[in-house]
Amino acid sequence: MTLRLGLGLPQMPQYDPAHAVRYVARAAEETGFDSVWVFERTVFPREPLEGLYGMPGVPWPGVYRHCADPLVTLALAAAVTDRVRLGSSVLVSGLHAPFPLARTLATLDAASGGRVVAGLGTGWSRDEYRAAGVTAYADRGAQLDELLDVCAAVWGPDPVAYRGRWTEIAPAAVGPKPARPVPVYLAAGGGRALDRVARRADGWLPAQLAGPRLASGLRRLAEAAERHGRAAGDLDVSLRVGVELTRGPLPEAGRRPYSGSPEQVLADLAGAAEAGAGEVLVDLQTHCRDGKELADRAAELYGRIRSAGL
C-alpha cells in the first residue's frame with residue numbers, strides 16, 4: 001500500500017498569510033499530496049511557565065513567535081483546493097469552547113465538501129491555557145472528553161441537546177451539518193491519552209517518532225484497542241514529522257529522525273511505513289524562506305518519496 005502523504009501549511013513568521021497559504025495549498029494538491037495540515041501555537045511568553053513540551057529549561061523555538069491561526073489557515077486552503085483533506089495536528093482542545101469549535105469544524109467540512117480531519121490534543125503549555133481563559137490546565141483531559149461529546153451531538157441529527165460541565169445546549173437545531181461524519185484523530189503519548197485514542201478516535205496522531213518507537217506505540221495502542229473491543233486496524237495512523245534536509249549525510253550518532261540527506265530521510269520514512277504509519281505529514285516550513293521555496297522543496301521531496309516506492 002502506498003504511503004499517504006500530507007504537507008504542513010505555512011504558519012510561521014517568514015510567510016505572508018495573504019499569499020503563502022493559498023499558494024502552497026494549491027501547489028500541494030497539484031503535486032499529488034493527499035492532505036494539508038495545520039498546528040496550533042498561540043503565545044510566545046518571554047518567561048514561560050515551563051520549557052518546550054513541558055520539559056524544564058528547554059527554550060521555545062523562535063518560530064513560535066508568530067503562528068497563524070489554524071482554522072483561518074485551513075479555511076484559506078479549502079477555498080483554493082478541491083481534493084486534499086484538511087487536517088489539524090493538532091488543535092489544542094482546551095483553548096477552545098467546545099460548542100463554537102464543533103460548529104466551526106462542521107461549517108468547514110460542509111464548505112469543503114467533506115474534507116476535514118479533526119485532529120485534537122490537550123497541549124502542553126500552561127501559558128496558552130492561561131491566555132485563552134477557557135479551561136484550567138488541570139482539567140484539560142476532561143475538557144477534551146466533553147469536546148468529543150459536543151462534536152458528536154452537534155454533528156448529529158437535530159434536535160441537538162447536551163449538558164456537561166462546560167457546555168449546555170437546550171434542544172435546538174444546529175447547522176450547518178458536516179458533509180459526512182468528520183473523522184476525529186487524537187494526539188497521545190501514552191497512559192490515559194492513548195487509552196482515549198483507543199476508545200474514541202478514528203486515528204492516532206503521533207509526532208516525530210522513528211520506526212522502532214512508532215512500532216512500540218502502535219503495539220500499546222493495539223493492546224488498548226483490544227481492551228475496548230476494537231481492532232488495531234480500526235485506527236488510522238497519521239505521523240507528523242518535521243523534516244530538515246541537509247546537503248550531505250549527517251553522522252548517525254545523535255542524528256534526529258527525519259533530518260539529514262535525502263537518503264537518510266527516505267530511510268526514516270520507510271521505517272515509519274514499515275512500522276505501521278498509514279500517512280506521514282511532512283513539515284518543511286521551519287527551514288524555508290517563503291511559500292515558493294516551501295512548495296518547491298515539498299514537490300522535490302514528494303518526487304523522491306514516490307520514486308523510492310513509498
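**The second largest pocket**

Reply: The second largest pocket comes out at a volume of about 190 Å³. Keep in mind that this is a predicted model. Lining that pocket you'll find L148, C151, A152, W155, P178, R180, P181, V182, V184, R200 and D202. Helix α5, residues 140-155, gives the largest share of the lining, with four residues. Sorted by class, the pocket's lining has eight nonpolar residues and three charged ones, with no polar residues.

Now for the backbone, starting with the cis peptide bonds. One runs from D158 to P159, with omega near 0°. P159 sits in the loop between α5 and β6, the latter being residues 160-163. Another cis bond joins G175 and P176, and there omega is about 5°. P176 belongs to the loop that links β7 (168-172) with β8 (184-186).

Then there are the positive phi values. Y53 isn't a glycine, yet its phi is positive, near 55°. You can find Y53 in the loop between β2 (35-38) and α2 (70-79). Y258 is another non-glycine residue with a positive phi, this one near 70°. Its loop lies between β11 (244-245) and β12 (259-260). Is Y258 buried or exposed? Y258 counts as buried because its relative accessible area is 0%, and the cut-off for buried is under 20%.

How values were computed
Residues numbered from 1 in each chain as written. Predicted model: local features only at pLDDT ≥ 70, side-chain atom pairs only at ≥ 80, totals over all residues. Heavy atoms only, no water. 1 Å grid on protein atoms, 1.4 Å probe; cavity = no way out; pocket = protein on both sides within 12 Å on 5 of 7 lines; lining within 4 Å. Points joined across faces, edges and corners; volume = space filled by probe spheres on them. Helix = DSSP H or I, 4+ residues; strand = E, 2+ residues; numbered from the N terminus. Nonpolar A, V, L, I, M, F, W, Y, C, P; charged D, E, K, R; others polar. Buried < 20%, exposed > 50% of the residue type's maximum accessible area, 1.4 Å probe, protein only.
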